[in-house]
Amino acid sequence: MGENRGVNAATATPARTADSRPRARQPVLDQVCADAVDLALAAAEDVAGIGEVGRHVGMLAEGDRVVTHLFECKERGYRGWNWAVTLTRAPRTKFVTLDETVLVAGDQSVLAPDWVPWNERLRPGDLGPGDLLPADEGDNRLVPAYTGADEERPQAYREATRDSLPLVGYQLGLGRPRVLSREGREDAAERWHEGDFGPHSPMAQAAPARCSGCGFLTPLAGMLGQGFGVCTNEIAPSDGRVVSLDYGCGAHSEAAVVPATHPTSEPVVDEYVYDTVTFGERVVVPADEASQAAAAAAAVAVSEQVAVREPAEAAKAADADGVAEAAVAAEVESGAEAVAQAAAVEVEEPVDES
């Protein structure tokens, strides 16, 4: 009896290994459903509309006696998409029925980007008036702070132990549920240091001095005050902004000092002394005296012209006495008329003062 209870090692069934486990059988393409292309096309056109379904692009065996036909989609905005029509039939029958008709994406389809949570999609400037931005309870930028609300008598700071929560998140006089953690401070410091008001900005590179020595800088409280402050110069481009201590601009308080100007006294006008100004007298020449003076000037001009003639011209004039005398007479007459006209223009008629 004891030997009959034993197990023969040669005839024992071996243990089933991972490689010998039965694998899932691949579905076989049902030929009856595969041949029903016209039925699948009619079903797709019934949903999409006549003329919106393109050519047959393939088929896929979904299971036993279940086949999906794929047709090209012609609708605008769905380039690369396909109409998928699934057909099936009952066992031992040749009657094909419609299962479903859907629009599926293809290899060349334009798809929406992967879903990103709302708190990761937010960017600076997205928050507007009236919007609320809830803070996650597990935000690693915040840590619990010591408020004393959970104690009957607030524990003094010097009595807090090193392992207690109030010492870890304690900040004097804040009274807030949570405060910045070390990671939150490092993120803010890196963002501000690499921003427009950090040492690498073009304004800081051209600045004559740094904000650490500017009188308009108000340092921040806490650990961030070791490297950042707030600018209070209304002329500076960083007025009211958090700036790095190694940032700078041309509005530095010690960059250029304007020398003090001495006020000048107002001009003094002496109203008790006056100056006397004498203008030249105006002389009026009578008309008859002006004509006589013009005739005398004409005679002088003619005599000067005759005196400066060259000897050769005088010899030629001797040969033709009549012509020369007539020319001289005409010249004298024309000169006298010209002088008379000039004198008549300049002479002013006497004013009758009677």
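Residues are called buried under 20% relative accessible area, exposed over 50% and partly exposed in between, using a 1.4 Å probe and protein chains only. The views below show a predicted model, in which local features need pLDDT of at least 70 and side-chain atom pairs count only at pLDDT 80 or more, while totals for chains, interfaces and linings use all residues. Residues are numbered from 1 along each chain as its sequence is written, and side-chain values use heavy atoms, with hydrogens and water left out.

**View 1. Arg89 and Asp30 form a salt bridge.** Arg89 sits in strand S3 (residues 81–89) and Asp30 in the loop between helix H1 (2–5) and helix H2 (31–35), so their pairing ties together parts 59 residues apart in sequence. Helices (H or I, at least four residues) and strands (E, at least two) are DSSP runs numbered from the N terminus. Are these two partners buried or exposed? Arg89 counts as buried at 15% relative accessibility, and Asp30 is buried as well, at 9%.

**View 2. Glu72 and Arg55 form a salt bridge.** The closest N and O atoms of Glu72 and Arg55 are 3.6 Å apart. Glu72 belongs to strand S2 (residues 66–73) and Arg55 to strand S1 (residues 53–63), so the pair ties together parts 17 residues apart in sequence. Glu72 is partly exposed, at 32% relative accessible area, whereas Arg55 is exposed, at 57%.

**View 3. Arg182 and Glu186 form a salt bridge in helix H6.** The closest N and O atoms of Arg182 and Glu186 lie 3.2 Å apart. Because they are 4 residues apart in helix H6, about one helical turn separates Arg182 from Glu186. Arg182 is exposed, with 64% relative accessible area, and Glu186 is partly exposed, with 43%.

**View 4. The largest pocket has a volume of about 890 Å³.** On a 1 Å grid over the protein atoms alone, a pocket is an open set of points with protein on both sides within 12 Å along at least five of seven lines; a cavity is a set where a 1.4 Å probe fits but cannot get out, and lining residues have an atom within 4 Å of a point. Points are joined across faces, edges and corners, and volume is the space filled by probe spheres set on them. Of the 24 residues lining the largest pocket, Asn119, Leu122, Leu133, Asp139 and Arg141 lie nearest its centre. Which helix supplies the largest share of the lining? Helix H6 does, with 5 residues; helix H4 (118–121) and helix H6 (182–193) each give at least two. The lining has 12 nonpolar, 3 polar and 9 charged residues (Ala, Val, Leu, Ile, Met, Phe, Trp, Tyr, Cys and Pro are nonpolar, Asp, Glu, Lys and Arg charged, the others, Gly among them, polar).

View 5. His252 lies in the loop between strand S9 (242–244) and helix H8 (287–307) and is buried at 9% relative accessibility. A polar atom of the His252 side chain lies 3.0 Å from the backbone nitrogen of Glu254. Not counting residues up to four places away in sequence, His252 touches Ala209, Arg210, Cys211, Gly213 and Cys214 (heavy atoms within 4.5 Å).

Terms used: Salt bridge = Lys/Arg side-chain N within 4 Å of Asp/Glu carboxyl O. Polar contact = N/O pair within 3.5 Å; in protein donor to acceptor, adjacent residues only side chain to side chain.
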